[in-house]
Structure formats: structure tokens, C-alpha cells
Amino acid sequence: MKFTAGQIAGILEGEVHGNPEIAVHKLAKIEEGEEGSLTFLANPKYTSFIYKTKASVTIVNKSFVPEQDLDTTLIKVEDAYKSFSKLLEYYNQVKNNKVGIEEPIFKSDTATYGADVYIGAFAYLGNNVSLGDNVKIYPNVYIGDNVKIGNNVIIFAGAKVYSETIIGNNCVVNSGSVLGADGFGFAPNEQGEFAKVPQTGNVILEDNVDIGAGTTIDRATLGSTILRKGVKLDNQIQIAHNVEIGEHTVIAAQTGIAGSTKIGKHCMIGGQVGIVGHIVIGDNVRIQAQSGIGRNVKENEVLQGSPALNYGDYNKSYVHFKNLPRIISRIDTLEKKD
């Protein structure tokens, strides 16, 4: 896809300084820009690269005044970073604007779909599946019986959506994700063997939820595993049965959350965090990477460590931990003097 500087300026409500007809067809970092590419300058420490870049078009703040001659056409906007992000979003919309039904697919006679859908080759739609308008189902996606999907949803190649799952509007499910697999429910019998406990619930994603690649969200034993509106999950996260995650909480890669834990709104959870089951984490909690959470957490706490401590206490303790050999040596010296 090619866009001229004039077209881009129209999308961003910016001003062209240079050739409005020059065309670009790819994006680049400012230090790696080449002919036919579009880049941006937002961070002042990269200013020197604008005089060297080969990018055909560069988005800059309106306050930018060049101190040397430029070989790139400028588009001046109020906020270069936000404008570039807006352009990326627009580019993705255009790129992903697939429509139509490829062959072969399997669609149950009782499956229905709305307007402007895309269903890629080798997709499977089970009984009573319902797809809204502008839904994009990429190749090799499995959608089980009684799944309901809202409007403007994208499910990328190879994702698996098990039966009874409900997905709201404007959600994205990336490749390799599994929604609605059985929760890890087993009970020991008299012989010490573990018998499976049937998992009869489902998974619910509310509106504007993003699921990263390879992430797994288990169905509830009873009731629902729920991700509230605006939740964003990174790649390779495990969400166990009956977990509930509050609105606009974000979680980084490789985090695992055990069953029946409730997480509040507007939390930020770093990568490789482990959270035990059956606890409650309040709103606006911050958990640093690789922390282990084994207790209830109050609102607005900031935690680090395993088991996790208050963030400030952890940092103070870590100073002593780093100095532990020297402290031991001093104690040994004092004891010898005694």
C-alpha cells in the first residue's frame, strides 16, 4: 500500500513542508529510514538523525525548526508520537480489512454471521456459533459450539475458542491462544489417584479485550472465568478457572494466575509473576516482574519479590542482602575480638 505525504497529512490533520506528492509504502525507525519509508521524530535525543535519514517522509512536532538542510519531507503535527501511533492504527485497519469467505471452511448449518465478515480457509464454526459484524476469522481457527462473538473482533490464525465462550466487541485474540480449555480440576480418591472434576463453566471476554499469542484462559468449573472490559494480556499467560480480572488491567508475558483469584481494576502486573489461587487483589495494584503473590493485596499496593514485599521494603532489604557477605565478615571480626 502506498500513501502520499498529502494523504498522510490529511489523516493526521498535519501540515506538509516539502513535496506533498512523495509516496511511502513502509515504516522505519528514523536512524534506519530509506527511500519510500515513513518515520517520525518525537524524542529530542534522536534529532541528529533527521539530518541523515533517507526516509521520504518524517512526522515531527509543529515546534520543530530544522537547523540544517533536510532531504526528507516533513509533516508537522501537534504531537508526533501520538500521530504516528494513530497512523499505525489506521494502517492496521486497512491491512486487516479482509472480507469474504475462503474455501474450504466448515460452518455448521446453525452458525450465523453478520455483515462484512472474513472467514479464512480451514476455519471451523460449530453449532449455534454467532459472529457479529466486521468479524475477522483467520485461517485454521477453531470456534466451538455455542460461541458468541460481538462486532469488530479479530481472531488470528490458529487460535482455538472452545464451546460456550462469549467474546464482546472490539476484541483481538492472537495466534495460538486457547480460550475455554478445561480448568486444572482434579480430586484425589481413596486409592490416591486423581479423578477429573468436570469443568462446566465458560470464558467471558468483555469489550475491548486483547489476548496475546499463546495465552491460555481456562473455562470455569462452575460459572465463568471473566476478563472485564479493556483488559490487555501479553503473550504466553496462563489464566486458570474462575479467575476474574478487573477493567483495564494489563498483564505482561509468562504470568500465571491460579484458580478463583480476583484481580481489581487498573492493575499493572509485570512478566513472570506467579499468583496463587483464591485470593483477592485490589484496584490500582502494581506488581513488579518475577514476583510471587501468596496473599490478599490491598488497593494501591506496589509489590516486588518472592514472596512479594512492599516495593519500598523490598528495595531496602535488597541493599542489606547485597552487603550480606561484608556484614557477616564484620560480625565474625567483632566476635573474634571478644
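**Close-up 1. Helices H3 and H4 pack against each other at an angle of about 60°.** In this predicted model, the axes of H3 and H4 lie 4 Å apart. Because angles of 65 to 115 degrees count as roughly perpendicular and those under 35 as roughly parallel, H3 is described as oblique to H4. Have a look at the residues that meet here: H3 brings His320, Phe321 and Lys322, while H4 brings Leu324, Pro325 and Ile327. Sorted by class, the contact of H3 with H4 has four nonpolar residues, one polar and one charged.

**Close-up 2. Helices H1 and H2 cross at roughly 105°.** Here we move to residues 5–12, which form H1, and residues 80–95, which form H2; their axes come within 10 Å. The two helices are therefore roughly perpendicular to each other. On the H1 side, the contact is made by Ile8, Ile11 and Leu12, and on the H2 side by Ser83, Lys86, Leu87 and Tyr90. Five of the contact residues are nonpolar, one is polar and one is charged.

**Close-up 3. A cis peptide bond joins Glu103 and Pro104.** Omega is about 0° at this bond. To find the spot, follow the chain to the loop between strand E8 (100–101) and strand E9 (106–107), where Pro104 is placed.

**Close-up 4. Asn134 has a positive phi, near 55°.** This residue sits in the loop between strand E13 (130–131) and strand E14 (136–137). Most residues other than glycine have a negative phi, so the backbone here deserves a second glance.

How values were computed
Residues are numbered from 1 along each chain as its sequence is written. This is a predicted model: local features need pLDDT of at least 70, side-chain atom pairs count only at pLDDT 80 or more; totals for chains, interfaces and linings use all residues. Side-chain values use heavy atoms; hydrogens and water are left out. Axes are lines fitted to C-alpha atoms, for helices over the stretch in contact, and angles run from 0 to 180 degrees between N-to-C directions. Angles under 35 degrees count as roughly parallel, over 145 as roughly antiparallel, 65 to 115 as roughly perpendicular and the rest as oblique. Contact means heavy atoms within 4.5 Å. Ala, Val, Leu, Ile, Met, Phe, Trp, Tyr, Cys and Pro count as nonpolar, Asp, Glu, Lys and Arg as charged, and the others, Gly among them, as polar.
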